[in-house]
Amino acid sequence: MIPKIILGKGPHATRRTIAYLFGNGRANEHIDPHLVASWNDFAPDPGRSPHRDPKDVEAQLAAQLDQPVKMLGDKAPKYTMWHCPVRAAPEDPILTDAQWGDIARRIVATAGIAPEGDEEACRWVAVRHADDHIHVAATLVRQDGRRPQRDYDQRAVQREVRQIEIDYGLRRLKPGDGTAAKRPTSKEHFKAKRLGQEAASRDVLRRRVRRAVAAAGDEAEFFALLEATGVTVRLKRGPSGDALGCNVALPGDTNDKGEPVFYSGSALAPDLSLPQIRRRLATTSPEPVTLRPGNPWHQATNATERIPHHLTHGDDPTAQGQLVALGAALDLLPVTAPAALKAELEQAAAVFERATRSRIAADLDSTRVLRRSVQAIWKDPTRHGDIAGLAMLLDVALTAVAYAMHWHRSRQHAQQEAAAEQALVHLQVAYAQVAEPVLVGLASRAPSPQTKRRFAHHLHEAVPEHAERILADSAWDALATVLAEAEAAGHNAATVLDQAISQRTLDDAHSPARALTWRIRRLGERHAPGPQAEAARARSVTPRQAAPVQPAAAPPAPQPPPGRRR
């Protein structure tokens with residue numbers, strides 16, 4: 001159940017609101033508008049007065065609601081109308097008028113508009129003109145001439161509707177922390193439908209702005225990318241000429257005067273104001289960060305694979321920064337992916353967006369490598385459509401998103417946890433589509449049985465606790481292939497296997513065989529060490545070809561969070 005509080009001002013605010021509530025609606029969506037409750041339970045009802053002109057009844061109702069306001073004259077407050085639509089979920093049962101009336105009374109009481117038993121409270125009505133929602137409208141002057149005590153009414157109403165959901169057996173929404181993006185209004189939804197848009201302009205702009213932030217290296221490039229995607233940009237400048245804010249609009253989205261409908265960045269999401277965008281774009285170290293030569297898919301994968309460590313062992317600001325970077329990576333992936341995967345990846349990015357914000361301020365200092373490597377992929381068209389690179393990145397992204405879900409859960413970020421869980425579902429679908437062809441292709445080139453037995457021996461030596469599971473996995477042939485290819489490139493198979501195992505625990509991998517396949521494929525494409533380097537390494541390890549001892553600073557392996565599927 002979703003409530004939204006809207007304030008109205010001006011001498012005709014009440015009359016306008018009543019006319020809208022009992023009218024046909026902007027798209028003729030209002031059906032049988034009528035009162036389900038009011039401040040005195042016998043207010044005039046334009047929808048249930050068959051022998052009178054409805055317009056006359058509307059005027060009478062508005063006058064009665066406005067009476068306390070008019071008594072104050074020029075001492076009336078600036079905002080005189082309190083309007084709160086309350087909408088049930090599509091899957092919820094249809095409530096009766098009496099039930100909606102009870103819900104309306106609970107809402108005005110908890111908001112401070114009309115506390116229970118207060119006969120001098122504000123005047124209010126609840127109007128129903130559809131099965132799934134009501135509108136509560138009240139004037140913001142009490143009948144004794146005082147102002148209502150409605151401090152933090154939005155939060156209070158949100159808490160009350162969470163309890164209403166329980167009491168009426170409705171779909172239970174997650175409590176928020178005030179960092180969610182603003183939802184499109186009903187008016188915006190109807191307008192999008194009329195214009196033939198798949199989504200409301202607010203949502204379309206949010207996606208385009210987020211993608212531009214993820215792709216841009218500086219502010220000038222950010223604005224250029226927005227304009228390249230068809231976004232109209234209007235800067236708000238200070239006396240010095242410096243840009244203080246940024247408003248954006250879509251072509252064709254105009255108001256009644258034919259002017260573009262602009263949205264400020266903060267109206268799209270709390271982290272899309274120009275100051276917040278500048279913080280994301282700013283270099284956080286004295287020296288510009290440059291990536292070493294190499295495959296940016298591998299670099300992005302390595303950086304993403306470290307996110308669970310940051311979430312389990314880093315401080316909260318660092319962990320939050322990692323989630324911001326992961327969200328930016330997901331924003332750009334659809335652009336670089338094959339056409340068949342774009343829709344699923346766009347859905348994943350859209351829902352994970354909610355998991356990138358909380359009340360914890362993000363420290364972005366440790367996120368530069370992931371950001372730059374994903375930008376390098378996006379800027380190089382020859383890297384687009386690399387299904388092996390995408391499969392590797394998605395494999396570790398699945399684990400990172402599962403850890404994000406667990407991180408938010410442990411901090412009681414209910415909406416963010418739910419967003420990460422939804423993103424996980426979309427990423428699993430995309431990963432299954434992209435990984436299977438790559439693994440099948442690798443398995444078709446599996447080495448001889450003798451070579452596979454030798455690799456199996458290495459496995460038992462290096463990772464005995466996972467060896468049997470790996471050998472029984474359908475991805476074992478693909479793993480054997482990448483080991484053989486690494487060996488053909490000059491690597492020692494046992495050494496590269498040890499290195500892959502030491503990179504990160506396999507305890508939380510649903511398929512250790514797949515995880516090792518992608519790691520060894522990355523390691524195998526590196527320059528093979530020479531004989532002297534191999535000899536030096538051999539002298540530094542125990543007689544058994546065991547995995548190198550973990551550095552002393554390495555943390556213990558975290559317990560895998562629930563929800564990971566690979």
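Three strands form an open sheet, in the order 7-8-9, with antiparallel pairing. Strands here are DSSP runs of E, at least two residues long, and helices are runs of H or I of at least four, both numbered from the N terminus. Two strands count as paired if DSSP finds at least two bridges between them. In general, strands of a sheet pair through backbone hydrogen bonds, either parallel or antiparallel.

Before going on: this is a predicted model, where local features need pLDDT of at least 70 and side-chain atom pairs count only at pLDDT 80 or more, while totals for chains, interfaces and linings use all residues. Residues are numbered from 1 along each chain as its sequence is written, and side-chain values use heavy atoms, with hydrogens and water left out.

Which strands are at its edges? Strand 7, residues 232-237, and strand 9, residues 263-264, each pair on one side only. Strand 8, residues 243-249, is joined to strand 9 by two bridges, and Val248 stands opposite Tyr263 in strand 9. Helix 7, residues 219-228, lies across strand 7 and strand 8, at about 145° to strand 7. That angle is taken between N-to-C directions, on a scale from 0 to 180 degrees, using lines fitted to C-alpha atoms, for helices over the stretch in contact. Contact means heavy atoms within 4.5 Å.

Next, helix 18, residues 464-472. His466, Ala467 and Ile470 are buried there. They sit on the same side of helix 18 because they cover an arc of only 125° around the axis. The arc is that of the directions from the helix axis to the C-beta atoms. Buried means under 20% relative accessible area, exposed means over 50%, and partly exposed is in between, with a 1.4 Å probe and protein chains only. On the other side of helix 18, Glu465, Glu468 and Ala472 are exposed. What do the buried residues of helix 18 pack against? They pack against helix 17 (449-462), helix 19 (476-488) and helix 21 (512-524).

Now the cysteines. A search of the whole structure finds zero disulfides, a disulfide being a pair of cysteine sulfur atoms within 2.5 Å. For Cys84, the nearest cysteine sulfur is that of Cys122, 14 Å away. Cys84 is buried, with a relative accessible area of 0%, and Cys122 is buried at 1%.

Last, the whole chain. The protein chain has 22 helices and nine strands. Buried residues make up 51% of its 566 residues. Its C-alpha trace spans about 95 × 55 × 40 Å along its principal axes.
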